[in-house]
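Let's work through a few exercises together. Have a look at the model below, then try each task before you read its solution.

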Amino acid sequence: MPDNKHVRLLAMVLCIAACTVVLRADLFLQMVEEKLAIELPGLKKAVDGNPLHRGVGWRVWDLVDGTGQPAAPAAPAPTPEQLIRAEAQKPTDAILILGGSAIRLELGVRIERDLKKLGFSKIVRRGYISSGLTDPQVLDWTTEAGDLIRTYNPAAVICQFGANDGQPISDGSGKRIPFDDPAWAAVYATHVDQFMALVSRSGRVYWLELPITSDKRFNEKFTKINAIHRQVSASYSNIRYIPTWDTFAPDGNFAPMLADSDGVTAAVKAADGIHFTGHGAKILSALLLPHIQEDREKLQSTGRNSSGKSVLSTK
């Protein structure tokens, strides 16, 4: 029976023999690779997963082009961020409709329906109850609108804000300023300006004035808020401020019943005197649509505005 010394020697010899076989096999495969790359141009093969070649340092088969030479390495795949950025740069025909409960309810529904009748198909409506430009804790509209604009790169944005903004506002330092404080207007104007600067980067912006209501307290707030919206929007050439107040107050006072373009007379506001009925929404939407049609007719010949974006095309 062999002693331990002979066993160890035998094991060493077998190990050396095995390594020699593997290395020779590796050299043989490498020679085959070089031969085939010359005689069979265009051949593509990957053997890095082959168990014969694992752990012995044999290189992955190079991709070769039609000349038998190694092909140039492929360009790296774009990152998700690059894909999103490239997609966002493509002009679209989308129209965003943004605002509070009025946009969520009858008014937003009616505007969307009327735009579809005009031939617009890419309409994105976002209306959030109790939201506005005063309190970002309810909803941060700067973030929300920014995400929507990056996603859809719209040709136009329709906005109505302010109905929920008659409340204390933060000045940025954590101090809450009451609505009736003289400093409130300046802080609120800053919020409005930041939002208008954001949405005006897309295309045309249509800013709907807050209409008169049956509630005197709301009317006092709306008057103050409308004045700020009108003033700030005047500094943006692509924002159209759409007046609505006088339409629902033909004699200076709130008119609960009005006739629409078809001559049908009905209530314009719901029981709360603030939100629209379907009839009232139809009347307000009719104030907006001529401006959209006018812009489309002016710019449809080129299909682009000065920034190269699609402008209100239905094609």
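A pocket here is an open set of points on a 1 Å grid over the protein atoms alone, where a 1.4 Å probe fits, with protein on both sides within 12 Å along at least five of seven lines; lining residues have an atom within 4 Å of a point. This is a predicted model, in which local features need pLDDT of at least 70 and side-chain atom pairs pLDDT 80 or more, while totals for chains, interfaces and linings use all residues. Residues are numbered from 1 along each chain as its sequence is written, and side-chain values use heavy atoms, without hydrogens and water.

**Exercise 1.** Describe the largest pocket.

Step 1: its volume, the space filled by probe spheres set on the points, is about 280 Å³.
Step 2: 19 residues line this pocket, and Ser101, Ala102, Ala163, Ile274 and His275 are the closest to its centre.
Step 3: helices H3 (101–104) and H7 (216–233) each give at least two residues to the lining; helices are DSSP runs (H or I, at least four residues), numbered from the N terminus.

**Exercise 2.** How do H5 and H6 pack?

Step 1: the axes of H5 (residues 141–152) and H6 (residues 184–199) lie 10 Å apart, at an angle of about 5°. Axes are lines fitted to C-alpha atoms over the stretch in contact, with angles from 0 to 180 degrees between N-to-C directions.
Step 2: H5 and H6 are therefore roughly parallel (angles under 35 degrees).
Step 3: in contact (heavy atoms within 4.5 Å), Trp141, Thr142, Ala145, Gly146 and Ile149 of H5 meet Phe195, Leu198 and Val199 of H6.

Conventions. Angles under 35 degrees count as roughly parallel, over 145 as roughly antiparallel, 65 to 115 as roughly perpendicular and the rest as oblique.
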